[in-house]
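Grab a pencil and work through these exercises with the model open beside you. Try each task before you read its solution.

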Amino acid sequence: MALGPRLSDFPRIRRTLAIYKVSSIITGSFLLVLCLMMFLRYGLGGDIELNGPAGFLALTPKILVQGINVSTIILAVHGWLYVFYVAADFILWRLARFSFLRFLYIALGGVIPLLSFFLERQVPRFVNAKLDRIESAAAAKAAGADSAKASA
């Protein structure tokens, strides 16, 4: 018999699911910003510079950036947001007792553009359906045990 989530973990799973949904949206948004930044850096040959000699916001070659390099900030922020996203994924995986392949699939949401937005809808639906099935089975089992005690 495959292991499933424990009834005692259901409140923690639901809290983790809420955190996962928020981190999924934020990480996916920063991934799209990161894709735009990569296009600007490698397609147009410049980094986004803030408060440099060229003005408030400019596209400047990386070696000539004198102001704040927004491109580097975007890279670092997305990296840390992805760490939080994978941490939420890991906790959800551990509590819900998913397969390791499902963990990897969900983790790809922070790497493949737009996938996190799809997973933000799909994963909670899947988890909530699984929790509902387990709760109804436990309630039916408890009702069957109560009726067996009453008849005995």
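**Exercise 1.** Is R97 buried, partly exposed or exposed?

*Solution.* Before starting, note that this is a predicted model, where local features need pLDDT of at least 70, side-chain atom pairs count only at pLDDT 80 or more, and totals for chains, interfaces and linings use all residues. Residues are numbered from 1 along each chain as its sequence is written, and side-chain values use heavy atoms, with hydrogens and water left out.

Step 1: Buried means under 20% relative accessible area, exposed means over 50%, and partly exposed is in between (1.4 Å probe, protein chains only).
Step 2: look up the value. R97 has a relative accessible area of 25%, so R97 is partly exposed.
Step 3: R97 sits in the loop between α2 and α3 (100–107).
Step 4: check the backbone. The phi of R97 is near 55°, which is positive although the residue is not a glycine. For context, most residues other than glycine have a negative phi.

**Exercise 2.** Where is L114, and what is its phi near?

*Solution.* Step 1: find L114 in the loop between α3 and α4.
Step 1: read off its phi, which is near 75°, again a positive value in a residue other than glycine.
Step 2: use the cut-offs from before. With a relative accessible area of 54%, L114 is exposed.

**Exercise 3.** In what order do the strands lie in the open sheet?

*Solution.* Step 1: recall the pairing rule. Two strands pair if DSSP finds at least two bridges between them.
Step 1: start with β1 (residues 47–52) and β2 (residues 55–60), which run antiparallel and are joined by five bridges. A hairpin of two residues links β1 to β2.
Step 2: write the order, β2-β1-β3, an open sheet of three strands. The edge strands are β2 and β3 (68–69), each pairing on one side only.
Step 3: follow some residues across. D47 has T60 as its bridge partner in β2, and I48 has L59 there. E49 stands opposite A58 in β2, while its bridge partner in β3 is N69.

**Exercise 4.** Which residues is T27 in contact with, leaving aside its neighbours within four places in sequence?

*Solution.* Step 1: locate T27 in helix α1 (residues 10–43).
Step 1: check its burial. T27 has a relative accessible area of 1%, so T27 is buried.
Step 2: list the contacts (heavy atoms within 4.5 Å). They are H78, L81, Y82, Y85 and G110.
Step 3: F126 lies in helix α4 (residues 115–151) and is partly exposed at 32% relative accessibility. Beyond its neighbours within four places, F126 is in contact with F98 and R102.
Step 4: zoom out to the whole chain. Of the contacts between residues at least 6 apart in sequence, 61% join residues at least 24 apart.

**Exercise 5.** How many Å separate the C-alpha atoms of V83 and P53?

*Solution.* Step 1: find V83 in helix α2 (residues 70–96).
Step 1: check its accessibility. At a relative accessible area of 43%, V83 is partly exposed.
Step 2: give the distance. The two C-alpha atoms are separated by 34 Å, and the residues are 30 apart along the chain.

Key:
Helix = DSSP H or I, 4+ residues; strand = E, 2+ residues; numbered from the N terminus.
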